[in-house]
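Here's a quick briefing to read alongside the structure. Keep the 3D view open and find each residue as it comes up.

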Amino acid sequence: MYGTTHTRAKAAGAVAALSGLVFAALPAQAAHAATAPVNTGFESGAAGWSTYSAGGQNAASFTEAGGHGGSTRLSHWSASAYKVETYQYLSGLTDGTYTLSAWVRSGGGQRSAYLALRNCGSAEQRTDLPPTANGEWIRLVTSVKVTGGACTISLNSDAHAGQWANFDDITFTPGSTGLSVRGGDLSTLPKNEAHGATYRNAGGTAGDAMGILRSSGMNYVRLKVWVNPADGYNDKARVLAMAKRAKALGMKTLIDFHYSDAWADPGKQNKPAAWAGHGYAQLRTDVYNHTYDVLNALKAQGTTADMVQIGNEINGGMLRPEGSTANWSQLAGLITSGRTRPRRSPPARRWRCTSPRAATTRAPAGGSTTPWRRRCPSTSSLSPTTATGTARCPSSRPTSTTPPPATGSRCWSPRRPTPTRSPTTTAWRTTWPPRASW
């Protein structure tokens, strides 16, 4: 567990794989049966919950201080290898679909660690716990169709000595998970249309293909992106145009990055020609910049991507050989470079100024009137790719009455349009609007 008085290994291991482990059937606990789960935040200890361990390791399931929403959490941990389940049996349910939600943390490395809905009159549903960085809580959900009016909420760990998992704030509510996706890949539609293809609805009436699909219930369009395709299709410009068409029809978009000039699949993950001679470090930069370039262009035209797919069919890796599954750490690094850009966005209503030799740190909370503090690292602490130009660190923070910094500074603020990237550095570049427009 994270942050307890026990001495435990906390290094995050591989994601707990779904195993073939099947716990023995549990007897219905009449004393605990209810139509809704009780003590879902574990503020009353383990009251309302039962524990099962085939090996007699029930003590590996316990409550302790340090909850997600309250003061207490459920923990699975033992100084020796263990397999344990904590569960509640529910009865008297109205048949239908229900969703289990739980806030969880895990150090990783277990043989299995998961949430489950079982004995519900339909196939068991599971959601595995991934390792969570820095003791952060994450929310997991899984849904099940209940028939017969009963269901068991099950929290499971099959772990080596010292491995841990935390659970808190359990909910079990009618309904399914909220995201409904009825989608398809329409990347080749522009090429088909350019070669004279026509499309008709079920009644035989010709019309716009995307409009026909939308009227039939499709709500998501997947668009693949190639870096520099030979025929010009599936490049950034085509993706931007297709995203406009989809959004105009009220549809959402999934942007699928292949990181190639042509189709990438398990049998071929070829680098784009422009990246052919690049090693691992440069490929990480390539992935980051390419992902940024496309997603920022989508956002700038008002068609922000709703989902992003990093790599296509990467069973054997991506950008091989550097990103092959023969080198998991490098593959993970390339994926991380792709997912970092979609997750980043500037803080709302904040100024932030940087230069190739400047760094920013957050001011402390608690009513401080200085939103940002700045420091300039020494030249020796900079990498060769960012140590360009002369350090420009303002001596005081910008305010609503402070004029723009001197020419050459890289800044963004909420008072100006979306920033553009400098082609040679990782800094932001801006053209300041006239002061009258602030």
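The link between C120 and C151 is right-handed, with 50° about the S-S bond. Keep in mind that this is a predicted model. Below, we start with that link and then head for the nonpolar cores.

**The disulfide**
- The structure holds 1 disulfide, and its partners are C120 and C151, with sulfur atoms 1.9 Å apart.
- C120 sits in the loop between β6 (112-118) and β7 (125-128), while C151 belongs to strand β9 (residues 150-159), so the bond ties together parts that are 31 residues apart in sequence.
- Buried or exposed? Both C120 and C151 are buried.

**The largest nonpolar core**
- A bit of background: nonpolar side chains tend to be buried together in soluble globular proteins.
- Here the largest nonpolar core has 30 residues, and the ones that touch the most other members are M210, V221, I255, Y259 and L298.
- Two or more residues each come from α2 (209-215), β14 (220-225), α3 (236-248), β15 (252-257), α4 (280-300) and α5 (328-343).
- Which element gives the most to this core? That's α4, with 6 residues.

- Take L298: setting aside its neighbours within four places in sequence, L298 is in contact with V239, L240, A243, I255, T303, T304 and A305.

Definitions and conventions. Residues are numbered from 1 along each chain as its sequence is written. This is a predicted model: local features need pLDDT of at least 70, side-chain atom pairs count only at pLDDT 80 or more; totals for chains, interfaces and linings use all residues. Side-chain values use heavy atoms; hydrogens and water are left out. A disulfide is a pair of cysteine sulfur atoms within 2.5 Å. Helices (H or I, at least four residues) and strands (E, at least two) are DSSP runs, numbered from the N terminus. Buried means under 20% relative accessible area, exposed over 50%, partly exposed in between (1.4 Å probe, protein chains only). A nonpolar core is a set of buried Ala, Val, Leu, Ile, Met, Phe, Trp, Tyr and Cys residues joined through side-chain atoms within 4.5 Å. Contact means heavy atoms within 4.5 Å.
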